[in-house]
Amino acid sequence: MKKAIYPGTFDPVTYGHLDIIKRAVRLFDHVIVSVAESAAKNPLFTAEERVVMIREVCEIDNVSVDRFKGLLVDYATEQNAVALIRGLRAVSDFEYEFQMALVNRKLSEELSTVFLMPHEQYTHLNSSIVREVASFGGDVSPYVPPQIVQYLKEKFSE
Ligand code: ADP
């Protein structure tokens, strides 16, 4: 059974992430979407909230949702994963992703990073734009599922 891990901050999950998840499950037997707990990015939603949100909008067979701390390659090895999935939206993503992929390969030769490109309609989309628009009360429904629109509304009314 070929397992892949799709790691990320998912703060919050967007239609772009969901597009990548759907592409990944066609290539692997099982995909674990894994929320990075790292506080370095000072996320809007807690790791637990991000996990719950992904579970709510991503009820796909062969996809599970988890969280991880520490070194991604150690977590991937524990999970018996053969690949890491990352999304590539534009050339601007490439430099950072390339560097990460090479570092991860140095740390674990058996683990490959697989890059998937989302549908063109999601190439401009990222979670920080969604957070910013939502923080000013703008309409984010083109970018995130209705449940996430609701979570954002609640978060910004706290
Ligand atoms: P990270 O903090 O690890 O970049 P993100 O949640 O921003 O976490 O993204 C996780 C992964 O999903 C990254 O590989 C990122 O490039 C990809 N991604 C984010 N938004 C999109 C999108 N709109 N289309 C395709 N891939 C995306």
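Modeller: Welcome! A salt bridge is a side-chain nitrogen of Lys or Arg within 4 Å of a carboxyl oxygen of Asp or Glu. Keep in mind that this is a predicted model.

Colleague: Thanks! Which residues are linked with E37 in a network of salt bridges?

Modeller: Let's start from two pairs. K69 bridges to E37, with the closest N and O atoms 3.9 Å apart, and R67 meets E48 at 2.6 Å, N to O. These pairs belong to one network, in which E37 is linked with E48, R67 and K69.

Colleague: How many residues apart in sequence are the parts that R67 and E48 tie together?

Modeller: The side chains of R67 and E48 meet in a salt bridge. R67 sits in strand β3 and E48 in helix α2, so the parts they tie together are separated in sequence by 19 residues.

Colleague: Is K155 buried or exposed?

Modeller: K155 forms a salt bridge with E49, at 3.1 Å from N to O. Buried means under 20% relative accessible area. K155 has 15% relative accessibility, so K155 counts as buried.

Colleague: Now for another helix. At which residue does α4 bend?

Modeller: Helix α4 has 17 residues and reaches 25 Å from its first C-alpha to its last, close to the 24 Å expected. A bend of about 25 degrees occurs in α4 at E97.

Colleague: Which residues form a nonpolar patch on the surface?

Modeller: One member, L102, lies in helix α4 and is partly exposed, at 36% relative accessible area. Together the patch has about 390 Å² of accessible area, and its members are V91, F94, F98 and L102.

Conventions. Residues numbered from 1 in each chain as written. Predicted model: local features only at pLDDT ≥ 70, side-chain atom pairs only at ≥ 80, totals over all residues. Heavy atoms only, no water. Patch = residues over 30% accessible without salt bridge, like charges linked within 9 Å, V, L, I, M, F, W, Y side chains within 5 Å. Areas by Shrake-Rupley, 256 points an atom, 1.4 Å probe, with all protein chains shown as cover. Helix = DSSP H or I, 4+ residues; strand = E, 2+ residues; numbered from the N terminus. Buried < 20%, exposed > 50% of the residue type's maximum accessible area, 1.4 Å probe, protein only. Expected span 1.5 Å × (residues − 1). Bend = angle between axes of the 7 residues up to and from the residue.
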